[in-house]
Amino acid sequence: MTFERLVRFQHKGKAVYGNLIKAESNKYTVQQLAGTVRNGFKAASNEQLTVSELLCPIEDCPLIICIGLNYRHHAAEANLTIPTYPVVFTKPADALAGPHDSIAVHKSAQSHLDYEGELTFVISRDFKNLPEEDFDLSEYVLGYTAGNDVSARNFQLPEASGGQFCYSKSFDSFAPIGHCLVSPAQIPDPQTLKYTTRVNGEVRQTTGTDDMIWTVKDILRHLSRGTTVRAGTVVMTGTPSGVGYFQNKFLKHGDIVEVEIEGVARLANKVVFE
C-alpha cells in the first residue's frame, strides 16, 4: 500500500505509523500502517482510528541536511551574492522534533532566536550520483512536509562562527517537521507550492516555492554528487524572506511559531526558554 499522507501517533501505548484520511481541528482519522521508511508501508488493518495528537511523522533520521540562501528574495534582503552551488549545512538527528512539540531553548541561545519556515522532504532510499538528465522525484522522495529551521543567530554571526551555520542550528528540537508527509504522487511538482510562517498569528513569511534558486531536483543532484544520501534523511530546502533577524523580531518565551504549506502540512510549536 502506498500512503497519501504519512503520520505517526500513539496507539495502545505504542507509536505507530498511519495514513491520514481526514483532519478536523485537533481530531484526526487515520488507518494504521505497518512498515518502515526504508522498507515501505502496507495496511495493518482496515479499521479507521480517531486520534487527537500526531507525533513527528518519522521515528528518527540519520541526518538533517539544510540548504541556505535558496530564495531570491531572501538573498536580496540579506544583501548576499548567490553562490555557484547550494549552501549546505547539517543538523544532528537529535534536532528533529514533532509538529506540536515544544522547542526547548538553552539559555545561551535565547537572545537572538529566529524562525525559518521551509519546505522539507524525507528521502525514501539510499542513492548516489543522480544523473544530470531528468529523473522521477518519486523514486527518491518519501514525502513532503513543513519544517522550521530554528536558529540561534548569536552563534551564526561571522564573528562568533567564522561563517559556519551548523552549531547555531543544531540544538535539540531545532528542526520540527510535520504534521504529515505527503506522497510525491500528491505533489507532482514541488516548485508550485505556497507557504506561510506565522508567529503568534502574525504573518512573518509568505512565499511560493517558485522563488527557490535551486529546485528539489537540483538539491538532490548536488547532495548525491560522490556522496551516499541515506533513506530517512530529512532535507530542509531553505527559507524565504521575512526572517526575524532582518526585522529585529526575535522569538521570545511562549511564542507560537506556525509553518503552513498550503494543502500539504502544518506545524505549530511553542518556544520554551529553559
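This is a predicted model: local features need pLDDT of at least 70, side-chain atom pairs count only at pLDDT 80 or more; totals for chains, interfaces and linings use all residues.

**Entry 1, largest pocket.** I sorted the lining of the largest pocket by class and got 12 nonpolar, seven polar and five charged residues. Here Ala, Val, Leu, Ile, Met, Phe, Trp, Tyr, Cys and Pro count as nonpolar, Asp, Glu, Lys and Arg as charged, and the others, Gly among them, as polar. I noted a space of about 500 Å³ for the largest pocket. His74, Leu80, Arg153, Gln156 and Phe165 are the closest to its centre among the 24 lining residues. Strand E5 (64–68) and strand E6 (87–91) are the elements that give two or more residues to this lining.

Residues are numbered from 1 along each chain as its sequence is written, and side-chain values use heavy atoms, with hydrogens and water left out. A pocket is an open set of points on a 1 Å grid over the protein atoms alone, where a 1.4 Å probe fits, with protein on both sides within 12 Å along at least five of seven lines; lining residues have an atom within 4 Å of a point. Strands (E, at least two residues) are DSSP runs numbered from the N terminus, as are helices (H or I, at least four).

I noted a volume of about 290 Å³ for the second largest pocket. Of its 16 lining residues, Thr2, Phe3, Ser138, Val141 and Leu142 lie nearest the centre. Strand E4 (40–51) and strand E11 (141–148) each supply at least two residues of the lining.

I found threonine 239 in the loop between strand E16 (234–236) and strand E17 (256–261). Threonine 239 counts as buried because its relative accessibility is 3% (buried is under 20%, exposed over 50%, partly exposed in between, with a 1.4 Å probe and protein chains only). Its side chain reaches the backbone oxygen of glycine 117 at 3.0 Å. Leaving aside neighbours within four places in sequence, threonine 239 is in contact (heavy atoms within 4.5 Å) with residues including Tyr71, His74 and Tyr195.

Lysine 22 sits in strand E2 (residues 14–24). At 43% relative accessibility, lysine 22 counts as partly exposed. I looked up its C-alpha atom and that of alanine 231, 209 residues apart along the chain, and found them separated by 27 Å.

Terms used. A polar contact is a pair of N or O atoms within 3.5 Å; within protein, one must be able to donate a hydrogen and the other to accept it, and residues adjacent in sequence count only if both atoms are side-chain atoms. Grid points are joined across faces, edges and corners, and a volume is the space filled by probe spheres set on the points.
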